[in-house]
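Dear colleague,

I am handing over the structure below, and I would be glad if you looked through it alongside the notes that follow.

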Amino acid sequence: GSEASHSNRVLFDLVREATGGADAPADLPDGWAQLVEARADVNAMLDLDDSIDLLMPRGSSEFVRYIQDNTSIPVLGHTEGVCHVYVDEAADLSMATDVAYDAKVQYPAVCNAVETLLVHEDVAGDFLPRIAERYREADVEMRGDEASRGVVSMEAATDDDWSTEYGDLVVSIRVVDSLRSAVDHVNEYGSKHTDSIVTADADAASAFMRGVDSASVFHNASTRFADGYRFGLGAEVGISTGKIHARGPVGLDGLTTYKYLLEGDGHVVASYAGDDAKPFLHEAFEGEWTPGHLSDEL
């Protein structure tokens, strides 16, 4: 945004100066780094599919969708973080309270904060008063379905609440009758970002983690752990909720693609086809591989 324009220019100058030193790649072209500030420049960039391999928009949902809808360049990004915590019937309720609290309150403005809390009906009577007390202490506004409001006093949730990323101290709460119902709710209303189950039942955890179609699915942990640094990926350059190719928090490794280099000695495919075909051997390289020549048994 405009409030960061001065900082952006200073950071850009620092990057340009740092990469102009003796350690920079010899073939790094002049002008490889560009500072794009005007909307017209963004639109011009979207047409450069012959020069740009990947776009990673960071910003509002509207901005990300605009980029996705107006370019043929591959886009790695996500639009929203509608994350869930599901408290299973076999959950340790003390643990569930801590997880649900942390996922909402620790930093509510980020995309991995929880927006909807799902609670199995068998533990709703015990759990909801516990978490409601903690939420009230933190000034969290609760919006619940009819079953939730039958246990704890809160505002009524609307259909829009189930698919809303609040980015604030607001949480929607729904009581479900089964793990299957929880999974169905997440897959219908979630944004495929991060979702968590709290349970002591390993089979239930496995079913939830396999059934939920999200980039990150956790067991007995806050959704706030969905982060490139916390995953050990180094600096996080983005979050991807798509399925090709990188998914979830993305570090530098997630920006790489493959290029195959093959050294031969006149090898032809015909030698490996037909009645007397030579076999292919697929073996792992030991140590650091350096280009060499193919043997007769490739």
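In strand β5, Val176 is the bridge partner of His120; please keep in mind throughout that this is a predicted model. The pairing of β5 with strand β2 (residues 114-120) is parallel and rests on five bridges, while strand β3 (residues 141-144) also pairs with β5 in the parallel sense, over four bridges, with Gly144 standing opposite Ile173. Strand β5 itself (residues 170-176) is largely enclosed by the rest of the structure, because six of its seven residues are buried.

Turning to the aromatic rings, a search of the whole structure gives four aromatic pairs. One of them joins Tyr86 and Phe208, which are stacked with 6.0 Å from centre to centre and 20 degrees between the planes; this pair links distant parts of the chain, since Tyr86 belongs to strand β1 (residues 83-87) and Phe208 to helix α8 (residues 202-211), 122 residues apart. Both Tyr86 and Phe208 are buried. The pair of Tyr258 and Tyr260 counts as stacked because the ring centres are 6.3 Å apart and the planes lie at 20 degrees, and here both Tyr258 and Tyr260 are exposed.

Two charged side chains also sit over rings: Arg134 lies over the face of Tyr101, at 4.1 Å from the ring centre, and the charged end of Arg174 is placed over the ring of Trp162, 5.2 Å from its centre.

Finally, on the surface, Val10, Leu11 and Leu14 form a nonpolar patch with about 270 Å² of accessible area together. Val10 is found in helix α1 (residues 5-18) and counts as partly exposed because its relative accessibility is 38%.

With best wishes

Definitions and conventions: Residues numbered from 1 in each chain as written. Predicted model: local features only at pLDDT ≥ 70, side-chain atom pairs only at ≥ 80, totals over all residues. Heavy atoms only, no water. Patch = residues over 30% accessible without salt bridge, like charges linked within 9 Å, V, L, I, M, F, W, Y side chains within 5 Å. Areas by Shrake-Rupley, 256 points an atom, 1.4 Å probe, with all protein chains shown as cover. Salt bridge = Lys/Arg side-chain N within 4 Å of Asp/Glu carboxyl O. Helix = DSSP H or I, 4+ residues; strand = E, 2+ residues; numbered from the N terminus. Buried < 20%, exposed > 50% of the residue type's maximum accessible area, 1.4 Å probe, protein only. Pairing = 2+ DSSP bridges. Phe/Tyr/Trp six-rings, centres within 6.5 Å; stacked < 30°, edge-to-face > 60°. Lys NZ or Arg CZ within 6 Å of the ring centre and 35° of its normal.
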